[in-house]
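Keep the structure open while you read.

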Amino acid sequence: MDTLSSLKSLDEELDRLGVERCLFICGGAALILMKVTTRSTMDIDVLQPKVDQTLDHAAKRVAKKFGLSESWLNNGPEDLLRYLDDQWQVNCLKVYDGRALQVFALGRKDLIKSKLWAACDRMDDIPDIIALKPTQEELEEARTWVCKSMHPKCGHR
């Protein structure tokens with residue numbers, strides 16, 4: 001999937017519908033838009049807001065245009081919101097600014113945390129962590145966060 005082209009097309013669809021949206025994303029699409037990696041991705045993981053009917057309709061039109069899965073724009077990682085710091089949005093970076101669509105990616109430290117969190121279930125995220133080039137301090141902070149987020153005795157679950 002060409003992430004930027006898909007977002008541009010989504011922006012055009014939303015503009016055509018006369019609606020605006022602001023998305024907060026994570027995952028591979030965030031890394032691609034931040035130019036951390038050049039790998040491809042099959043979807044865009046939206047943390048907020050919930051993909052509503054209007055956004056879903058516009059995304060499905062884009063899917064048809066580019067031959068993407070109908071769920072290429074999804075709220076798959078929304079569980080992550082339960083564990084992020086209350087101020088997570090403050091550290092987000094604007095990665096797309098269109099006429100009807102603005103997209104923000106998780107900040108660097110939260111991306112490292114989220115990728116390490118995801119790597120607990122699937123090794124596909126390890127290259128993304130490496131591409132982020134975390135410092136030892138950032139990795140330790142992420143490790144501590146992941147352990148607290150995933151371990152029920154820590155009171156976070």
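The axes of H4 and H6 cross at roughly 55° and come within 9 Å of each other. That angle makes H4 oblique to H6, and the crossing is right-handed. On the H4 side, the contact involves Arg 108, Lys 109, Ile 112, Lys 113, Ser 114, Leu 116 and Trp 117. H6 answers with a set of residues that includes Glu 138, Leu 139, Glu 141, Ala 142, Trp 145 and Val 146. Bear in mind that this is a predicted model.

## A look along H4

Helix H4 covers residues 108-119, and its 12 residues should span 16 Å at 1.5 Å a residue.

What do the buried residues of H4 pack against? Their partners are strand E1 (21-26) and the helices H2 (27-33), H5 (126-132) and H6 (136-150). The buried residues themselves are Asp 110, Leu 111, Ile 112, Lys 113, Ser 114, Lys 115, Trp 117 and Ala 119.

Lys 113 is worth a stop. Is this lysine buried or exposed? With a relative accessible area of 11%, Lys 113 falls under the 20% cut-off and so counts as buried. Setting aside neighbours within four places in sequence, Lys 113 is in contact with Glu 141, Ala 142, Trp 145 and Val 146.

## The sheet

Now for the strands. Five of them form an open sheet in the order E3-E2-E1-E5-E4, with mixed pairing. E3 (73-74) and E4 (93-97) stand at the edges with a single partner strand each, so one side of each has no neighbour in the sheet. Strands of a sheet pair through backbone hydrogen bonds, in either the parallel or the antiparallel sense.

| Pair | Sense | Bridges |
|---|---|---|
| E1 and E2 | antiparallel | three bridges |
| E1 and E5 | parallel | five bridges |
| E4 and E5 | antiparallel | four bridges |

For landmarks, find Ile 25, which stands opposite Val 46 in E2. Leu 23 has Val 103 of E5 as its bridge partner, and Tyr 96 also stands opposite Val 103. A hairpin of three residues joins E4 to E5.

How many of the five residues of strand E5 (residues 101-105) are buried? Four are, so E5 is largely enclosed by the rest of the structure.

Terms used
Residues are numbered from 1 along each chain as its sequence is written. This is a predicted model: local features need pLDDT of at least 70, side-chain atom pairs count only at pLDDT 80 or more; totals for chains, interfaces and linings use all residues. Side-chain values use heavy atoms; hydrogens and water are left out. Helices (H or I, at least four residues) and strands (E, at least two) are DSSP runs, numbered from the N terminus. The expected span of a helix is 1.5 Å times one less than its number of residues. Buried means under 20% relative accessible area, exposed over 50%, partly exposed in between (1.4 Å probe, protein chains only). Contact means heavy atoms within 4.5 Å. Two strands pair if DSSP finds at least two bridges between them. Axes are lines fitted to C-alpha atoms, for helices over the stretch in contact, and angles run from 0 to 180 degrees between N-to-C directions. Angles under 35 degrees count as roughly parallel, over 145 as roughly antiparallel, 65 to 115 as roughly perpendicular and the rest as oblique. A crossing is left-handed if the near helix is turned anticlockwise from the far one by less than a right angle, and right-handed if clockwise.
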